Amino acid sequence: MEKIVLTDVEAVPGASSEELANIVIQRIGLMPRKKGSTEKMNKVIIEMYERAKAGYRQKKPSEALMTVEEMAAFAGITRQTMYEYLRRWQNLNLISKASYIGRDDKVVIGYRLNGHTLESAFEKAKVRIANNMDATLKIVAELQKVLKNEKISQSQKKN
């Protein structure tokens, strides 16, 4: 299970789209975790959104796809490193894997936003996070019950 890292970075009034995309990526833990890694991960989410819009507008779902190579190029990292980041994106349910037949009858595998808009894709990520929190709350309730029962059991052993 991948860990979900949420931060509370705030947007400044009048921020550009690039700055806002960077803040969004940071808030949901999609920024690189190693210092000195790429600072361009926000460019990937912006390009995915642009492609989703184009695919929806042209009624060609294949237009919404980005290959791992393309994503890596936008992020300024290697393809292999991009695969490592993709796990987090998929874990949040922000993107989904898809394939289509290319011009030369080759199957092209890529990723697309998990919705027609950034907002709808993030709604799915929000549901994933909320489900995680709900499951954690059930575990907390069970922990509380077990702690109480253990104390009762210990006190009965003393008597």
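Tutor: We can. Keep in mind that this is a predicted model. Start with Lys53, which has a relative accessibility of 29%.

Student: What makes Lys53 partly exposed?

Tutor: Buried needs under 20% and exposed needs over 50%. Lys53 has 29%, so Lys53 counts as partly exposed. Glu50 has a relative accessible area of 35%, so Glu50 is partly exposed by that rule.

Student: Why is the pair Glu50 and Lys53 called a salt bridge?

Tutor: The closest N and O atoms of Glu50 and Lys53 are 3.4 Å apart. The cut-off is within 4 Å, so the pair qualifies.

Student: Where do Glu50 and Lys53 sit relative to each other?

Tutor: They are 3 residues apart in helix H2 (residues 41-58), which means a separation of about one helical turn.

Student: What makes Arg79 and Glu69 a salt bridge?

Tutor: The N to O distance is 3.6 Å. That is within 4 Å, so the side chains of Arg79 and Glu69 meet the rule.

Student: Which parts does the pair Arg79 and Glu69 tie together?

Tutor: Arg79 lies in helix H4 (residues 79-91) and Glu69 in helix H3 (residues 68-75), so the pair ties together parts that are 10 residues apart in sequence. Arg79 is partly exposed at 40% relative accessibility. Glu69 is partly exposed at 45%.

Student: How do you know that Glu142 and Lys145 form a salt bridge?

Tutor: Their N to O distance is 3.8 Å, so the pair is within the 4 Å limit. Both residues lie in helix H5 (residues 118-158). They are 3 residues apart, about one turn of the helix. Glu142 has 40% relative accessibility and is partly exposed.

Student: Which residues do salt bridges with shared partners join into one network?

Tutor: Glu47, Arg51 and Glu70.

Student: How many salt bridges does the rule give?

Tutor: The count comes to 7 salt bridges.

Student: How do you know that strands S1 and S2 pair?

Tutor: Pairing needs at least two bridges. S1 (residues 95-101) and S2 (residues 107-113) are joined by 7 bridges, so they pair. The two strands run antiparallel. Within this pairing, Ser99 has Ile109 of S2 as its bridge partner. S1 and S2 form a hairpin with 5 residues between them. Asp105 in the turn has a positive phi of about 60 degrees.

Student: Why is Ser96 called buried?

Tutor: Its relative accessible area is 16%, and buried means under 20%, so Ser96 is buried. Ser96 has its place in strand S1. Leaving aside neighbours within four places in sequence, Ser96 is in contact with Gly110, Tyr111, Arg112 and Asn114.

Student: What describes the packing of H2 and H4?

Tutor: H2 and H4 pack at an angle of about 65 degrees, with their axes 13 Å apart. Their crossing is right-handed. H2 makes the contact through Met41, Val44, Ile45 and Met48. H4 contributes Met82, Tyr85 and Trp89.

Terms used:
Residues numbered from 1 in each chain as written. Predicted model: local features only at pLDDT ≥ 70, side-chain atom pairs only at ≥ 80, totals over all residues. Heavy atoms only, no water. Helix = DSSP H or I, 4+ residues; strand = E, 2+ residues; numbered from the N terminus. Buried < 20%, exposed > 50% of the residue type's maximum accessible area, 1.4 Å probe, protein only. Axes fitted to C-alpha atoms, helices over the stretch in contact; angles between N-to-C directions. Left-handed = near helix turned anticlockwise from the far one by under 90°. Contact = heavy atoms within 4.5 Å.
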